[in-house]
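Hi,

Here is the structure I promised to pass on. Have a look at it first, then read my notes below.

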Amino acid sequence: MGFATLLGAAMRLFSICLLLGGMGLVTDVRADMYYLIVEGLGGEPRYAERFAAQAESLAHAAQRSLRGGSRVSLLNGDAASRESIVSELQRLAEVVAPDDSLVVFLIGHGTHDGNQYKFNLPGPDIDGETLAELLDGVPAGQQVVVNATSASGAILELWLSEGRTLITATKTGGERNATRFGQYWAEALSSDEADANKNGAITAQEAFNFTARKVADSYEREGTLATEHPQLIGETAGTFNVAFLENRIATTRELERLFTELDTLESGVESLRQRREEMESDVYLDELQELLLALALVQREIDEARGVE
Amino acid sequence: MKFRFTVICLWSIGSQQAAAQAFDYSADRETSLRVCDQYFYRGEKLEADRCYSGLLVNSDDAVVRAEAAWRKGDLTAANAYFRTAVELAPESPRARTRWGRLFLTTHQNSEAIKLFQEALELDGEYIPAKMGLASVAAGRFEDRARALVGEVLEADSSQIEAQLLLARMSLEDGALARAEEALTEVLRVAEEHDLPPLEVYALSASVDLLQGITESAWTERALAYNPGFGEIYATPAHFYVITRRYREAIELLFKAVHIQPDLWSAHAELGVNLLRENRVEEAQEHLSLAYQGDPYSAQIVNTLRLIDSFDNFQVLNRDLSPSNRGSMSVKSPGIILRLHNDEASVLDPYVTELVSDSIQTFSENYQFELQEPVVAELYPEHDDFAVRISGLPGIGLLGVTFGYLVAMDSPSGRGSGEFHWGTTLWHEMAHVFTLEATDHLVPRWFSEGISVFEEWSTGPRPGRHVPMHVLEAMKDDKFLPVAELDSGFIRPTYQGQIMVSYMQAGLICQHIEQKWGRRSLVALLQLYKDGSDTVEAIEQGLGVSPEEFDRDFNEFLESEFQVTLDGLDEWKEQTEAAYEALNEGDWESVIGASTTAMELNPGYVEEGNVHIMNAKAHDELDQREAAIGTLEKYWQLGGFEPRVLHQLADWLYDAGRSEDAIAVLNDVIFVAPLDESLHTKLGDWLLKNELAAPALREYQALLAMDPYDKAAAHYRLATAYVQLEDEAKTREHLLYALETAPHYREAQQLLLEILR
């Protein structure tokens, strides 16, 4: 049974467990990453369809990103109940280690009555305080929590925590209209365009930048006032990869060496960029060219070694 | 395209009201005030001030104190005294009415109207209150003003203010004889009752001016009466402004503020008109002076804020770009663009090209060489544009032309695809020529007519576009005789008449061009320049009487539209049936009904057209070729919905018709140019067709939009430069692409290739 079939059939909780294949050396932290995707109550059919598509797309992106292992949990349909969310986050609190990382996506409608945020679910809703408590209970040292619901800005302060990057679709709890954020966020995790530095990995910052821009453009295109203003708080957004467009797994010693060389050259480019203002333009471009040429050659070697076109 | 000239009138509200407090002809004005007024009207300021100060101290009448404080310029005190006066005599309409006048001075119309109405509730025949309401209505160019003035004059034909207002409205309508008649009467009454004649002089000087007499004897008489009476210049200037002769208005307004430096309304008018001439610094200076004296005017404040916001705009001086249009070599003083920083780099090449093309086309068509650079301003914030033209936000215009200066909404000023900015700019550029070729003497209808005609015949959007409600007006015989067509723009009598007048004017110009040739349009412009009115111009330029012309034009309409008009009801039925079938997903029926509708009204691609659904239905039935055919027709007829044109372009490209696909996307630029995907796609297709230069322009536009994927934009530029064999630029853009995205495979590959 393929992944898509599983998703289509589901309306229930499932976890995708992928065995570590090949057990090669890994140059990033994906093996220890967990994803939790919750698709809340759509209410009207048009929203239900939209949210389901977003959840499915995110689950695909998560699965693609974790080919090396770890877990993706999708709660949707009737399974996306308060009880299931509590239970799943409690389970994660037990299995996730401090060195692991966690990515949570909440899709759907949210409300805020001025005091309390609630995530709309089949059956009883779950409130912001309870979710904060449950998220705090997961010991993952690094977390990215994306709340794409309406009124999600209400939880900005409440859910702040050390090591957590918090992303919301709206600026405040007062932005109550159904959001477009989830749709573009899902798009970002599978988009070459979102991968601004073309390294095959999409950081939380890249995904956020892409999504925020798409959201703003969509309102501008329609000539209407934007009813959502996405927010990001957290210091690790620029380095936390939330999705991968391709694998960067070193399965041989040679590849490991090449990846190390690539990293060194990439750092060299970054360091040169920092000094750009102090340099003559021609000198800068000459030095940049030298580094980029070397980097291109190493990349070619890696691609040849891995059989990538 | 709609309501272009009403803006001029709107700006005049403030100035009229600001001046309105200068004279009080009311019969119930206190004698003690009249004594002081004599000094005031004669321009003896010190004596007047001393006299009013005395009243302020000694009078026990709160209204008198209020009036005295008002004359001394202390509006806060005047307001307080009027409040007291109303509290002390709640049954008296006088205090309320004068208090209302004070509110008019501070541009608070709604407060003023409320007080006038309260006064009329106390005394339904109280003339000063009726005149207050009439004054507000006249400032808004409302028909009600005439009715109120009529009521007052019926009750008392010697009412000076009513006569003056009547004369003013008549002048605004161009009815000089009626105005003169009213002014003769009012002068007689003023002399009989020893009332100040200065406003009579100012309006009489305006009559002279509208008759071509610029050195009026009335001016001398006014200055002899009061050497500091600035309105003797400012009032005629108003009539220059509403007839779009801004340069002449500026000259008069300079004279006005020279002899009366505290005439704030004239400073404001001067500032606004200097801005219309792109004399920004001088405009700011006079608007600032106006603000110091009249801090209550929203127009002044908004315009000053707008000028401050010019820091966010780039001023770009451009020569005419090479054009494929026309055959003659056009001399032009150049183009000045004022574009917002956020979009200047994107829009610059497209605006420059379109303005260049229009100059080339219109210079040839109208045998007129521009004498000054054309200034084109595009505002991304619609309210900024509205303030630019009227001083107030919230006006439903798209573009306006003040001679050599064109201001309009930028494509980003409205929702994507909401308006065809290319057509708007083309329309406005035609105004530049008709205004300047006639020294701004062209009547409104003819200037609009030529602009609309040029939209249809030479503009970037093909086809003649007549909205449905205009067709209905045509069917209902609502078109005006040519000699009266201006009134359809100035004082419309039914909803939508302004647009009907635009279209009628355009059709008239098309008719003239078809029957008498384009040269006759040029001849008419010359006649207007020489001072002819429409009747004379038609008679001399076309050799027929206006009545004969109207009969001829009706025949033209019949030949062009009768079939469409006869089929209008059936077209509506078929269109409705097509929409119903669309809702039911009955594609065969959609095709049937929409095809019939298209046959009945083939050129109709405006809102509610059936082409789009016809194409969709064909596509749903896997008839892609037919779908393409319908959308191609839609595009060729001037349909411009960007989403639809993108679809057509994609289909054409998929069908191997890349050149046509490119042509379609090139047209999307005139509707929705601020779209990254448009420039990406168009650039890619151009490059594939080995058209590197235009591809480069698209990629430059893409990069100027600060795209999220900058690396890809730089890479695309590099690929265009490869085709142009510019190695240095190729390398530069590849390095910029890889600087952002060091792992960018395609860029790496190309870098390795060029450096091999």
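**What I found**

B:Cys509 has a relative accessibility of 0%, so this cysteine counts as buried (buried means under 20% relative accessible area, exposed over 50% and partly exposed in between, with a 1.4 Å probe and protein chains only).

Before going on, some housekeeping. This is a predicted model, in which local features need pLDDT of at least 70 and side-chain atom pairs count only at pLDDT 80 or more, while totals for chains, interfaces and linings use all residues. Residues are numbered from 1 along each chain as its sequence is written, chains are lettered from A and ligands numbered from 1 in the order in which they are written, and side-chain values use heavy atoms, with hydrogens and water left out.

**The disulfide**

A disulfide is a covalent bond between the sulfur atoms of two cysteines. The rule used here asks for a pair of cysteine sulfur atoms within 2.5 Å, and the count over all chains comes to one disulfide. Which cysteines form the disulfide? They are B:Cys36 and B:Cys51, with their sulfur atoms 1.9 Å apart. B:Cys36 sits in helix α2 (residues 31-42) of chain B and B:Cys51 in helix α3 (residues 45-58) of chain B, so the pair ties together parts that are 15 residues apart in sequence. (Helices are DSSP runs of H or I with at least four residues, strands are runs of E with at least two, and both are numbered from the N terminus.) The torsion about the S-S bond of B:Cys36 and B:Cys51 is about -75°, so the disulfide is left-handed. Both B:Cys36 and B:Cys51 are buried.

**Where the chains meet**

Chain A brings 34 residues to the contact and chain B brings 27 residues, where contact means heavy atoms within 4.5 Å. Between them, chain A and chain B bury about 2,800 Å², 55% of it on carbon and sulfur atoms. Buried area here is the accessible area (1.4 Å probe) that two parts lose on being put together, summed over both.

How many salt bridges does the rule find across the interface of chain A and chain B? There are five salt bridges across the interface, each being a side-chain nitrogen of Lys or Arg within 4 Å of a carboxyl oxygen of Asp or Glu. In one salt bridge, the side chains of B:Glu739 and A:Arg276 meet at 2.8 Å, N to O. On the side of chain A that touches chain B, the elements giving two or more residues are α6 (204-222), α7 (253-274) and α8 (281-306) of chain A. The largest share of that side, 13 residues, comes from α8(A).

The structure holds 55 salt bridges over all chains. One of them joins A:Glu254 and A:Arg257, whose closest N and O atoms are 2.7 Å apart. A:Glu254 and A:Arg257 are three residues apart in helix α7 of chain A, so about one helical turn separates them. A:Glu254 is partly exposed at 38% relative accessibility, and A:Arg257 is partly exposed at 41%.

In chain B, the side chains of B:Arg29 and B:Asp24 meet in a salt bridge at 2.8 Å, N to O. B:Arg29 and B:Asp24 are both buried. Another salt bridge pairs B:Asp49 with B:Lys72 at 3.3 Å, N to O. B:Asp49 lies in helix α3 of chain B and B:Lys72 in the loop between α4 (62-71) and α5 (75-88) of chain B, so the pair ties together parts that are 23 residues apart in sequence. Salt bridges that share partners also join B:Asp24, B:Arg29, B:Asp37, B:Glu67, B:Arg71 and B:Arg98 into one network.

Cheers
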